[in-house]
Amino acid sequence: MKPTHSQITQSPLMERPYILHMFTPGRQMSPFDVNMAADAGYQIIVPYCEVGLDAIAGLTQDTIFSRGPKGAARSGIFIGGRDALLAADMQERAQAAMFKPFMVSSMADPSGAYTTAAAMVACVEAALRRQRGHGLEGQRVVVLGGTGPVGRIAGVIAAQAGAEVLLSSRSGIDTAEQAAQETAARFKVALHGVSGGDRAAVRSSLAEAQVVLACAAAGKQVVSAEDLAFATRLEAAADVNAVAPEGIAGVGVMDDAKPLAGTQAVGIGALAIGNVKYQTQQRLLLQMRSAEKAVALGFAEAFATAREFIAEAAAGKAG
């Protein structure tokens, strides 16, 4: 006897797969993000490359309408690329294209910038609380390499946590101010620019900094041992560069709030930050896949998740 239509649709073999549609304005999607999505349990992962902002609404509506409300719960959208502001715009455009009951979860993490920045700031905040008894409130934070995607978002997260934030650029004050104003306007925070165009400029900003976040390109040292002598107020220094030489002299890649020679500060290295970044991205992808109601995950959610992971890890050590 042939199975009825209802028997076919209820068969476990016909259970809808988890599908992740990955949009990027770049020429290719990051293999890192594809691997992470697969490890989070997505069964079908489809990259869409060279996607412009104007294409997002159409792609989103193709995603939500084709599977119905129940299938939408097993569908997700991931937004990559290399532009932190454009990724936020793309996610907002995707959200605006949805309506109940046709809602799918989305996550933005361009070049890992959102999760990396969240992990970096969360690590610094935790170190300050352990070592100094305070968080980022009122702290003067200088972001070296502050015009890149990680630097901009790290600056935004720190500003939202109550810090006074300055984005530094090797190209000089004009570039730094432009990036600060664009980013501040987009995310509604206060950011300022500061020149990092020469050693004198870097040392001048270090002299006033309580926190330094080094977000420059891999293999570029932005703070030398000699520069650190000017950082007399420094309490914490974090570096996301895992390629020799270290971005901040004396901060090893494995350092996790280790005293930084020649200063009163502690250093946090790239792999210590990277572990928190990995755990943060994995948790966000799992949250998106398993959510019963659609969620939209960006750097704010990444920061909350990074904080949560660090707190759990500290509690585990204490236990």
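Let's start with one residue. Cysteine 123 has 7% relative accessibility, so it counts as buried. Keep in mind that this is a predicted model.

Strands of a sheet pair through backbone hydrogen bonds, either parallel or antiparallel. Here we have an open sheet of five strands. The order is β2-β1-β3-β4-β12, and the pairing is parallel. Which strands stand at the edges? They are β2, residues 44-48, and β12, residues 296-297. Each has a single partner strand, so one side of each has no neighbour in the sheet.

Look at β3, residues 75-79. Four bridges join β3 to β4, and the two run parallel. Isoleucine 77 stands opposite serine 106 in β4. A helix comes in here too. Helix α3 lies across β1, β2 and β3. It runs at about 175° to β1, which covers residues 19-23.

On to the rings. A pair of aromatic rings is described by the distance of the centres and the angle of the planes. A search of the whole structure finds six aromatic pairs. Take phenylalanine 65 and phenylalanine 99. Their ring centres are 5.7 Å apart and their planes are at 55°, so this pair is tilted. Phenylalanine 65 is in helix α3, and phenylalanine 99 is in the loop between α5 and β4, so the pair ties together parts 34 residues apart in sequence. Phenylalanine 65 has 40% relative accessibility, so it counts as partly exposed. Phenylalanine 99, at 42%, also counts as partly exposed.

Here is another pair. Phenylalanine 187 and phenylalanine 299 are edge-to-face, 5.1 Å centre to centre, with 85° between the planes. Phenylalanine 187 sits in helix α8 and phenylalanine 299 in helix α12. They are 112 residues apart, so this pair links distant parts of the chain. Buried or exposed? Both are buried.

Back to the first pair for a moment. Ring pairs link Phe65, Phe99 and Phe102 into a cluster.

The charged end of arginine 289 sits over the ring of tyrosine 18, 4.9 Å from the ring's centre.

Methods. Residues numbered from 1 in each chain as written. Predicted model: local features only at pLDDT ≥ 70, side-chain atom pairs only at ≥ 80, totals over all residues. Heavy atoms only, no water. Phe/Tyr/Trp six-rings, centres within 6.5 Å; stacked < 30°, edge-to-face > 60°. Buried < 20%, exposed > 50% of the residue type's maximum accessible area, 1.4 Å probe, protein only. Lys NZ or Arg CZ within 6 Å of the ring centre and 35° of its normal. Pairing = 2+ DSSP bridges. Contact = heavy atoms within 4.5 Å. Axes fitted to C-alpha atoms, helices over the stretch in contact; angles between N-to-C directions.
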